[in-house]
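I opened my notebook to look up a few things in this structure. Here is what I checked, entry by entry.

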Amino acid sequence: MAAVAWGRCLPRVWFRRRAGPGCGRHYRAAFCAELKQPLAIEEVASRPVRPHEVRVDVHFCGVNFADILVCRGQYQEKPQLPFTPGMEFSGTVLETGTDVSTVKEGDRVIGVSGFNGMAEECIIDHKTLWQIPEGVPLREAATLPVSYVTAILALEHRACTQPGETVLVTAAAGATGLAVIDVATNVLQAKVIAAAGSDEKCRLAMRKGAQSIVNYSQGSLKEAVRKLVGSDGVNVVIDAVGGDVFLEALRSLTWEGRIVVVGFAGGTIASVPANLLLLKNVSAMGLYWGRYKEQNFPVFSRILSSALQYCQQGRIQPHIGAVFKLEEVRCS
């Protein structure tokens with residue numbers, strides 16, 4: 001995703017809550033009441049927490065590409081209107097249910113909320129909250145659940161990236177692309193080729209740690225990669241674009257290479273030519289971030305905990321494109 005007030009320069013935006021008390025009889029939330037229309041900011045009455053729930057005073061909420069898609073009716077999950085967007089947030093615990101022992105009032109936490117985090121207050125199951133370690137700011141913590149968990153899942157869990165291997169990442173200036181560069185370079189000690197659609201985006205990817213860059217709007221991605229690494233190709237591809245970019249990236253893999261599909265930002269879903277998989281013994285696999293939370297929560301939780309640890313250790317440095325107040329967020 002690239003947005004500054006929904007412009008096309010920076011990879012991520014966040015909203016911050018207004019100053020003032022977090023929990024009262026009412027709080028403000030952003031609502032999508034009609035698809036493809038600006039969000040409305042409305043006052044909402046607080047409800048009691050159930051025994052397994054936690055009330056959080058939200059300080060920061062990520063604005064992801066998925067939030068834009070869901071507000072357009074183009075995401076695979078389609079919540080019933082009206083709904084509040086926002087898949088990830090950080091804040092402080094205001095109140096806990098009677099069965100909750102994992103967090104307490106005043107704890108700093110990040111949460112994975114489905115689509116209801118874009119509000120001054122969020123009530124959430126305690127199982128989908130993680131305590132923020134000392135030294136990690138709330139703003140940086142809010143960047144981790146979607147883009148960094150996606151990056152770590154793709155690189156470590158799916159592609160099994162090894163030190164010294166070469167990783168090609170497409171849509172490299174988006175939130176997930178920058179997280180892939182960060183994790184691959186600074187955690188896994190891999191070499192990164194960052195591919196993006198403009199010189200400005202390529203420069204940003206280079207500043208974030210990519211060793212090489214390719215502007216695929218200026219010619220063949222496959223030929224550009226060949227010039228960088230020779231005929232052998234790259235070991236791992238993390239693709240968020242789809243279409244022809246995916247196909248050229250697939251053809252850039254070396255023997256027993258791995259390509260992980262994490263999205264289709266280009267709007268086209270390509271068909272996989274199975275003969276390419278056979279000839280080079282390569283693996284093509286998908287990664288749907290949200291399904292891990294439902295189907296394999298222990299892996300999801302472990303990787304989010306790893307992201308928090310990497311951030312505390314200074315091994316990763318999340319890039320924040322812009323910060324907005326709640327009333328400035330549109331998502332239409």
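**Entry 1: cysteines**

I started with C61, which is buried, with a relative accessible area of 0%. I am working on a predicted model. A disulfide is a covalent bond between the sulfur atoms of two cysteines. For C61, the nearest cysteine sulfur is that of C122, 8.5 Å away. The cut-off is 2.5 Å, so C61 is in no disulfide. I looked from C122 too: its nearest cysteine sulfur is that of C61, and C122 is in no disulfide. C122 is buried as well, at 3% relative accessible area.

**Entry 2: an aspartate**

I then went to D67, in helix α1, which covers residues 65–72. Is D67 buried or exposed? I noted 0% relative accessibility, so D67 counts as buried. A polar atom of the D67 side chain lies 2.8 Å from the backbone nitrogen of N64.

**Entry 3: aromatic rings**

I searched the whole structure for aromatic pairs and found five. One of them is W130 with F300, 6.0 Å centre to centre. Their planes are 55 degrees apart, and the pair is tilted. W130 sits in strand β8 and F300 in helix α10, 170 residues apart. I noted W130 as buried at 7% relative accessibility, and F300 as buried at 0%. F300 also pairs with W289: the ring centres are 5.7 Å apart and the planes at 70 degrees, so this pair is edge-to-face. W289 belongs to helix α9, eleven residues from F300. Last, I wrote down one aromatic cluster, formed by W130, W289, F297 and F300.

Note on methods: Residues numbered from 1 in each chain as written. Predicted model: local features only at pLDDT ≥ 70, side-chain atom pairs only at ≥ 80, totals over all residues. Heavy atoms only, no water. Helix = DSSP H or I, 4+ residues; strand = E, 2+ residues; numbered from the N terminus. Buried < 20%, exposed > 50% of the residue type's maximum accessible area, 1.4 Å probe, protein only. Polar contact = N/O pair within 3.5 Å; in protein donor to acceptor, adjacent residues only side chain to side chain. Phe/Tyr/Trp six-rings, centres within 6.5 Å; stacked < 30°, edge-to-face > 60°.
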